[in-house]
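Open your viewer and get ready to click through a few residues. We will go one stop at a time.

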Amino acid sequence: MASSAPVRAAALARDTKETSIQIALSIDGGPLPKDADPRLHDITSPHASQSSPSQVIAINTGIGFLDHMLHALAKHAGWSMALNCKGDTYIDDHHTAEDCCIAIGDAFAKALGSLTGVARFGYAYCPLDEALSRAVVDLSNRPYSVVDLGLKREFLGKLSTEMIPHCLQSFAQAARVTLHVDCLRGDNDHHRAESAFKALAVAIRMATTRVAGKEGEVPSTKGTLSA
């Protein structure tokens with residue numbers, strides 16, 4: 001029997017003088033939303049694209065390491081996501097990295113819709129070899145972030161490491177969630193960053209899980225999560 005639960009998906013475009021972004025996101029995987037921008041069907045990114053019966057992922061930000069992190073986020077959160085960005089990387093990586101994560105947060109909030117019937121809280125520990133990260137998420141509608149990854153290198157690929165925590169902060173603000181992400185140990189900055197994104201993904205997946213028997217209920221003692 002087909003599920004009667006509403007589809008949690010959104011497509012949007014975000015255009016400024018600094019970046020032009022198209023994104024389509026489905027929280028529960030499956031096909032991309034039908035109103036996805038046609039440009040998203042033309043993404044060619046062999047290192048950050050995959051398609052399976054459960055997920056479609058295609059990401060091209062123009063910054064390879066950012067593609068890699070967002071691919072990990074979508075994959076382990078269980079999302080289907082296509083994202084295309086043309087940004088002013090001739091200046092530096094800041095606008096592209098920040099705006100892509102704002103766009104993901106906007107799409108996530110739009111796709112999630114009413115905060116009823118979901119677990120609301122999520123947490124996860126994810127290792128990558130010697131690195132171990134912890135993420136804790138609250139779909140609070142109260143944007144706040146605390147991120148401590150302990151990165152030491154100046155760049156990972158062409159993404160400045162100072163932008164990695166800022167990407168998570170930008171997502172939290174746009175998605176209107178509270179998140180705490182910490183890398184607890186690790187020697188390799190690539191491993192530290194990737195384990196953090198994977199931990200966040202698994203925590204988000206837990207937080208957005210629909211709870212059987214709680215349909216229509218707001219997971220808050222206030223009776224609302226709208227403010």
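Leaving aside neighbours within four places in sequence, which residues is Thr-178 in contact with (heavy atoms within 4.5 Å)? Select Thr-178 and you will find Val-136, Val-137, Asp-138, Ser-140, Arg-142 and Tyr-144. Before we move on, a note: this is a predicted model, where local features need pLDDT of at least 70 and side-chain atom pairs count only at pLDDT 80 or more, while totals for chains, interfaces and linings use all residues. Residues are numbered from 1 along each chain as its sequence is written, and side-chain values use heavy atoms, with hydrogens and water left out.

Stay with Thr-178, which lies in strand E11 (residues 178-185); strands are DSSP runs of at least two residues and helices (H or I) of at least four, numbered from the N terminus. Thr-178 is buried, because its relative accessible area is 16% (buried means under 20%, exposed over 50%, partly exposed in between, with a 1.4 Å probe and protein chains only). Now show the side chain of Thr-178: it reaches the backbone oxygen of Arg-142 at 2.8 Å.

Next, select Val-136 in strand E7 (residues 131-138). Val-136 counts as partly exposed, because its relative accessibility is 37%.

For the last stop, select Trp-79, Phe-108 and Phe-171, which form one aromatic cluster (rings of Phe, Tyr and Trp, the last by its six-membered ring, pair if their centres lie within 6.5 Å; planes under 30 degrees apart count as stacked, over 60 as edge-to-face and the rest as tilted). Are Trp-79 and Phe-108 buried or exposed? Both Trp-79 and Phe-108 are buried.

Note on methods: A polar contact is a pair of N or O atoms within 3.5 Å; within protein, one must be able to donate a hydrogen and the other to accept it, and residues adjacent in sequence count only if both atoms are side-chain atoms. Contact means heavy atoms within 4.5 Å.
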